[in-house]
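The following exercises concern a single protein chain. Each consists of a task and a solution worked in steps.

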Amino acid sequence: MTTTPRALALFGATGKTGRHVLAQALEAGHSVRALARRPEALDAHERLTVVAGDVREGDAVRETVRGSDAVVSVFGQVKGSPPTLQTEGTQAIVDAMAEQGIRRIISLSGGGLPAEEHDQPKVPDRIIRWLLRRLSPAVLDDAIAHLAVLRGSGLDWTAVRGPRLTDAPATGSYRVGWVGVNASTQIARADLARFILTQLDDVQFVHELPFVSK
């Protein structure tokens, strides 16, 4: 990874994917301000500043993005989360970014989030989306609404989508396509984190929803 060192704001650093993003960002020389409800869950590092708070709290979000060059948002719903967590949190983030003149945000979502202009879902993809709609409708609705927030923000956003995430070791390689187009059904979180960080320097997918898979 050859991204230029930046000052990053990170949301979701304590999550399974967020921990990979944080570790790789620090390894690449970035300085990171991370928002966490449990600051003690993150190990100290000379280039890491942890802000205590919730992603829906405006003051905490503004403090997290302060002085940043770009924002990486990999938080999402977990058991017990409010059904509109990603939407409300994303709104708080883009509001804070607009106030402070920060333009670049990379946001993580799932493969169930449709990109009709590019996706060509095959039968397994359609089944997965049907199951997601049936079993976790609030998660999908939240993802769709969070995308609407990004699209209405006027910012330079990229919504990265992934299939089933695994804890397999990083391979250093992945495919970037669309659902049903040059794509598989899984990816290691470490590889997905690597792609997310490449988007700090890559403008190819600004205002797009790339699908990243093994």
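The radius of gyration is taken here over C-alpha atoms, and the globule rule is 2.2 Å times the number of residues to the power 0.38. The structure to which it is applied is a predicted model.

**Exercise 1. Overall dimensions**

Task: Determine whether the radius of gyration of the protein chain agrees or disagrees with the rule for a compact globule.

Solution. 
- Step 1. The rule, applied to 214 residues, gives a radius of gyration near 17 Å.
- Step 2. The protein chain has 16 Å, which agrees with a compact globule.
- Step 3. Along the principal axes, the C-alpha atoms fill a box of roughly 45 × 35 × 30 Å.
- Step 4. Of the 214 residues, 49% count as buried.
- Step 5. Among contacts with a separation of 6 or more, 67% are accounted for by residues 24 or more positions apart.
- Step 6. The secondary structure comes to 6 helices and 10 strands.

**Exercise 2. The pair α1 and α6**

Task: Classify the packing of helix α1 against helix α6 from the angle between them.

Solution. 
- Step 1. Helix α1 spans residues 16-27 and helix α6 spans residues 189-198; their axes lie 8 Å apart at an angle of about 55°.
- Step 2. Angles under 35 degrees count as roughly parallel and 65 to 115 as roughly perpendicular. The two helices are therefore oblique to each other.
- Step 3. The crossing of α1 and α6 is right-handed.
- Step 4. On the α1 side, the residues in contact are Lys-16, Thr-17, His-20, Val-21, Gln-24 and Ala-25; they meet Arg-189, Ala-190, Ala-193, Arg-194, Ile-196 and Leu-197 of α6.
- Step 5. Sorted by class, this contact has 6 nonpolar, 3 polar and 3 charged residues.

**Exercise 3. The pair α3 and α5**

Task: Carry out the corresponding classification for α3 and α5.

Solution. 
- Step 1. α3 and helix α5 (residues 137-151) pack at about 15°, with their axes 7 Å apart.
- Step 2. This angle makes α3 roughly parallel to α5.
- Step 3. The crossing of α3 and α5 is right-handed.
- Step 4. α3 contributes Leu-85, Gln-86, Thr-87, Thr-90, Gln-91 and Val-94, while α5 contributes Asp-142, Ala-143, Ala-145, His-146, Val-149 and Leu-150.
- Step 5. The contact of α3 with α5 divides into 6 nonpolar, 5 polar and 1 charged residues.

**Exercise 4. Positive phi values**

Solution. 
- Step 1. Asn-182 has a positive phi near 50°, although not a glycine; His-207 likewise has a positive phi, of about 65°.

Notes
Residues numbered from 1 in each chain as written. Predicted model: local features only at pLDDT ≥ 70, side-chain atom pairs only at ≥ 80, totals over all residues. Heavy atoms only, no water. Axes fitted to C-alpha atoms, helices over the stretch in contact; angles between N-to-C directions. Helix = DSSP H or I, 4+ residues; strand = E, 2+ residues; numbered from the N terminus. Parallel < 35°, antiparallel > 145°, perpendicular 65-115°, else oblique. Left-handed = near helix turned anticlockwise from the far one by under 90°. Contact = heavy atoms within 4.5 Å. Nonpolar A, V, L, I, M, F, W, Y, C, P; charged D, E, K, R; others polar. Buried < 20%, exposed > 50% of the residue type's maximum accessible area, 1.4 Å probe, protein only.
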